[in-house]
Amino acid sequence: MALPASSADLTITLREDAAALAGDITDLRHRLHREPEIGLNLPRTQEKVLTALDGLGYEISTGTDTTSVTAVLRGTAGTPASGTQRPVVLLRGDMDALPVQEKTGLDYASEIPGAMHGCGHDLHTAMLVGAATLLSSRRDQLRGDVVLMFQPGEEGFDGAEVMIREGVLDAAGTRPDAAYALHVMSALGESGAFLSRPGAVMSSSDGLVVTVHGAGGHGSAPFAAKDPVTVAAEMVMALQSMVTRQFDVFDPVVISVGMLQAGTKRNVIPETARFEATIRSFSPQAKARLKASIPRLLGAIAEGHGLEATVDYIEEYPLTLNDGSESAFARHAVDELFGPQRYRELANPLAGSEDFSRVLAEVPGAFLFLSAVPEGTDSTEAAYNHSPFAVFDDAVLADGTALYARLALERLASA
């Protein structure tokens, strides 16, 4: 094995080398932060990543339906047994920003009106570029290949699905043995802590769009019309009753109506009423039951009032499931690099959703959070991810970079 003489040696060299890169990683992060891009088309972000990877020895490919970057590094350590393939590890960093007007007042704040790196993807991208540098200088220690997945469109555009369709999981010639991703948090836990858990770590996410079709009329004579507003209101409340009466409290679901639209004037009964909701669940069983139960319930309510309803149940992201073995391996990597005090096991999954779930549905792996609460800030009072006031501490960049690199090095060595 071409790894350093001991795990302690690897720990020291990775941490030292990542710290030496901290200035460059921070500079890249700030440049990305100033020029945030939204969705699947991130040309300026892609250009910055490609420039940073130039000369590091990676096989580079870019997307056709998105400005993704896939970088493959071929390790040179070891020779696989006859008839076996070299192992592969995938590391993901998402690159896109949010349609949010930044209000942080940072000296490197967004210069693009209405766009902000409010979820920390600029940190993810910079850390993965840093890891690319660390791994490139250690090709002779890699007993397999590394795929770096620089992904656009995580924020609601399902960029992971696009990259999977375009072949990211086969970029090295064989599917990865394991996949890992980090996600910074501006208001979760003590700064510098890595947080995760085996099994479900983030919820699944579905969408609901409902249109109630009635018959318009004068507000003074509702009996001469078919009022869709009262029916839509009944549906909204019935969804909440369904949650508490049909689903196990220990396998929760969350339904939140975020948009309700109807009418043009207070004394006019409209033709239609429309609402949209987000649906979160934490098991495949609950997700399947929701898909079957919600259209049945809402259709029955409409029919009971003599109206009709169009119910569109939109399946979005699956549950983000950490493989038990890979989750334990990632925890071990944190312990070895930084000590066991830096890892926190989440008691429960988070109710947000992630398209890295697409990768974990195909490849065993682990998704970890990294607390980036600014120094001197109480995490219970800090602005949360997606807030226009969300601030992420640059001090975590070197540690995230080192962990990405160690996950690849050790996982390939153990394959």
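## Cores, helices, pockets and loops

Q: Which residues have the most contacts inside the largest nonpolar core?
A: In this predicted model, the largest nonpolar core has 60 residues. In soluble globular proteins, nonpolar side chains tend to be buried together. Within this core, the residues with the most contacts are Leu91, Leu135, Leu148, Phe150 and Leu403.

Q: Which element gives the largest share of this core?
A: The element in question covers residues 397–414 and contributes 10 residues to the core. Of its 18 residues, 16 are buried, and its first and last C-alpha atoms lie 26 Å apart, close to the 26 Å expected at 1.5 Å a residue. The element is helix H9.

Q: Which residues does leucine 148 touch, not counting residues up to four places away in sequence?
A: Leucine 148 is among the residues with the most contacts inside the largest nonpolar core. Once residues up to four places away in sequence are left out, leucine 148 touches Tyr58, Val69, Thr70, Ala71, Leu91, Leu128 and Ala132.

Q: How many residues does the second, separate core have?
A: Leu188, Leu195, Leu346 and Phe356 are included in this second core, which is separate. Its number of residues is 27.

Q: Is helix H3 largely enclosed or exposed?
A: Helix H3 covers residues 121–136, and its end C-alpha atoms are 22 Å apart, which agrees with the span that its 16 residues should have at 1.5 Å a residue. Because 15 of the 16 residues are buried, the rest of the structure leaves H3 largely enclosed.

Q: Which residues lie nearest the centre of the largest pocket?
A: About 400 Å³ of space lies in the largest pocket, and 18 residues line it. By class, this lining has 7 nonpolar, 7 polar and 4 charged residues. Nearest the centre lie Glu155, Met202, Gly352, Ser353 and His386.

Q: What is the relative accessible area of histidine 386?
A: Histidine 386 lies in the loop between strand E16 (365–371) and H9, and its phi is positive, about 85°, although it is not a glycine. Most residues other than glycine have a negative phi, and most peptide bonds are trans. Histidine 386 is partly exposed, and its relative accessible area is 37%.

Q: Which element gives the largest share of the lining of the second largest pocket?
A: This pocket holds about 220 Å³ of space, and of the 13 residues that line it, Asp24, Ile25, Leu28, Ala52 and Val129 are the closest to its centre. Helix H1 (7–34), helix H2 (43–53) and helix H3 (121–136) are the elements that give two or more residues to the lining. The largest share, 6 residues, comes from H1.

Q: Does aspartate 158 count as buried or exposed?
A: Aspartate 158 is found in the loop between strand E4 (145–151) and helix H4 (159–165), and its phi is near 55°, a positive value in a residue other than glycine. Buried means under 20% relative accessible area. At 17% relative accessibility, aspartate 158 therefore counts as buried.

Q: Which residues is glycine 192 in contact with, leaving aside its neighbours within four places in sequence?
A: Glycine 192 is found in the loop between strand E5 (178–185) and strand E6 (194–196), where it is buried, with a relative accessible area of 9%. Leaving aside its neighbours within four places in sequence, glycine 192 is in contact with Arg342, Leu370, Ser371 and Val396.

Conventions:
Residues numbered from 1 in each chain as written. Predicted model: local features only at pLDDT ≥ 70, side-chain atom pairs only at ≥ 80, totals over all residues. Heavy atoms only, no water. Core = buried A, V, L, I, M, F, W, Y, C linked by side-chain atoms within 4.5 Å. Buried < 20%, exposed > 50% of the residue type's maximum accessible area, 1.4 Å probe, protein only. Helix = DSSP H or I, 4+ residues; strand = E, 2+ residues; numbered from the N terminus. Contact = heavy atoms within 4.5 Å. 1 Å grid on protein atoms, 1.4 Å probe; cavity = no way out; pocket = protein on both sides within 12 Å on 5 of 7 lines; lining within 4 Å. Points joined across faces, edges and corners; volume = space filled by probe spheres on them. Nonpolar A, V, L, I, M, F, W, Y, C, P; charged D, E, K, R; others polar. Expected span 1.5 Å × (residues − 1).
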